[in-house]
Amino acid sequence: MTGTAPPPPSGHVDALTGLRGVAAFSVVLAHFTIRWTEQFNGESIYPYGDIVPSWLTPSLPVLAFGVNLFFLISGFVMVAFLRHSTSLFDFTVRRLSRLWPVLILCSALTTLIIMGVGIHNRFESLQGWAVTPLEFVSSILFIDPADIGRMTGNPNLDWVDGAYWTLWVDVRFYVLVAIVYRLFSDRKNFAIAWVFIQAISVAILFLQSYLEVPVHWTAGAILQPSYLYWFTLGMAACYYVQLKERDLAFMLAAAGAIALVLESVISARLYFDGAVLPQLGIYLGLVLVFSLSLFKSPITPLLTGRTVLLLGAVSFPLYIFHQRAGLTAMVFFDDLGVPTQLILPLVTALVVAIAIALHFFVERPVRQLALKITGPWVNRAEHKFAFAKFRKGRTVAQMERTDAVGSQP
C-alpha cells in the first residue's frame, strides 16, 4: 500500500457532479422528446406529438447514453468510496441509506400517479405500466422483475419505472466490487484482481456472441459483460487521478478498453446494421467527455455552473422519478386543457422541482438519520464478525478519511 494520495483539486469533484447532472438531464430529454414517439414506441404518447424534426430524430437516441456516464462516474467514485468504508456492513448500510429512501418514495409516488390517472388504460403500448405488488417489491429491492417473473411463471413483470434497470446494474457492481475489495484491499492487488475479473467478463461476452457457447445465466448476472467495462474504465480514472497509480490505471484502462471495443462491435449489429464506427464513436465520445471532466478543460466551466451542479446534486431522484410519472403528468395536463406548447416545459420544470425537493427534504436528511441510527449496529457487527472488515486494525478508512471522495454516487 502506498502513501495517502493527495486529494484532487476541488474542480474535479464539481465537474463530476456537473457531469452527473448533464447525464441525468440528457436522459430526461430523450424520454420526453423521442423515446415515446410512434417511431420508437409504435404510437406517440406525447400530447405535443413528434416535435423533433425528422432530420434530427436519428441522432437524439444518443441522449439515452447518458446512463453510461453514470456507470463511468460510479466506477470512479466507488474506488474512493470503498477506501472510506470500514467493512462490508459499513459499505452496505451507506449504499442503502443513499438509495432506499428516495427509491421507495419515488416508487410509491410513481405507482399512485400511474394508477390514479390510469394512463395504462389509455394507450395500448402502456398496458404493462399497471403496477402489481410483486413488481413494486421487486423494484424497491433492485431485482429485475423479469428474473422474478421467470421464477414465478409470470414473464411479463416490469419495473415500476423502466429507468430502474440501471439500478440493477449498479447494485450488482456494488456487490461484486465490495467482495473483491474485501479480499484484496491493497491497491495493487485489488487492481490486479479486478483486471482478472474484467478479463473473465469479456471472455463471457466473446463466448456468447461469437462462439455461441452457452454460459450459465448466473455468470452473466454477476460479471455483466455488457456493462462491467464502464465501471472498470471509471476505476482506471480514479487510479490515475486520485491515487496517482499510473501503471495500475493503464492496466485497468486497457482491460476496460478491450471490452468496450468488443461490445461496440456486438452492439453495432443491433443498432447500426453492423456498422461499428457509429457505435464505437458514441462510446469513445462518452469516455472523452468523462476524461475531460477530470482535468481542467474547455468543458469544465460548463460542468461547474450553478444550475448544472444543482442538477448533479439532484440527479438520482430526477433520474428515477421523471419518466413514467412525467409522461402521466403530460396526459393529465392535456386533459385539463393546458396549451400543448406549454406541456413539455411545464412537466420538465415540474420533475426537476420535485427532484430538488426530494433531495433536500428526503434524500439528505433521511440518509444522515439512517447513518446515525445504524452507526452503533455497524460497530457491533464489525466487532462480532471481524471477517467482514476491509482491513484489520487501523483501517484504510481511518487512515484516509480526509481524502476527497469525488462526486458521491
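Me: Let's start with K244: is it buried, partly exposed or exposed?

Reply: Bear in mind that this is a predicted model. K244 has a relative accessibility of 42%, so it counts as partly exposed. As for its place, K244 sits in the loop between helix 10 (228-241) and helix 11 (246-271).

Me: What about the backbone of K244: what is its phi?

Reply: The general idea is that most residues other than glycine have a negative phi. K244 isn't a glycine, yet its phi is positive, at about 60°.

Me: And F142, what is its phi, and where is it found?

Reply: F142 is not a glycine either, and it has a positive phi of about 65°. You'll find F142 in the loop between helix 5 and helix 6 (145-152). With a relative accessible area of 5%, F142 is buried, since the cut-off for that is under 20%.

Me: Now helix packing. At what angle do helix 4 and helix 5 pack, and how far apart are their axes?

Reply: Two packed helices are described by the angle between their axes and the distance between the axes. Here helix 4 (residues 88-117) and helix 5 (residues 133-140) pack at an angle of about 155°, and their axes are 10 Å apart. That angle makes helix 4 roughly antiparallel to helix 5, because angles over 145 degrees count that way. The crossing of helix 4 past helix 5 is right-handed.

Me: Which residues make that contact?

Reply: Helix 4 contributes W100, L103, I104, S107, A108 and T111, while helix 5 brings in F136, S139 and I140. Sorted by type, the contact between helix 4 and helix 5 has six nonpolar residues, three polar ones and no charged ones.

Me: Let's look at T110: where is it placed, and is it buried or exposed?

Reply: T110 is part of helix 4. Its relative accessibility is 0%, so T110 counts as buried. Setting aside neighbours within four places in sequence, T110 is in contact with V160, F321, R324 and A325.

Me: Last one, the cysteines. How many disulfides are there?

Reply: The test is a pair of cysteine sulfur atoms within 2.5 Å, and by that rule the count is zero.

Notes:
Residues numbered from 1 in each chain as written. Predicted model: local features only at pLDDT ≥ 70, side-chain atom pairs only at ≥ 80, totals over all residues. Heavy atoms only, no water. Axes fitted to C-alpha atoms, helices over the stretch in contact; angles between N-to-C directions. Helix = DSSP H or I, 4+ residues; strand = E, 2+ residues; numbered from the N terminus. Parallel < 35°, antiparallel > 145°, perpendicular 65-115°, else oblique. Left-handed = near helix turned anticlockwise from the far one by under 90°. Contact = heavy atoms within 4.5 Å. Nonpolar A, V, L, I, M, F, W, Y, C, P; charged D, E, K, R; others polar. Buried < 20%, exposed > 50% of the residue type's maximum accessible area, 1.4 Å probe, protein only.
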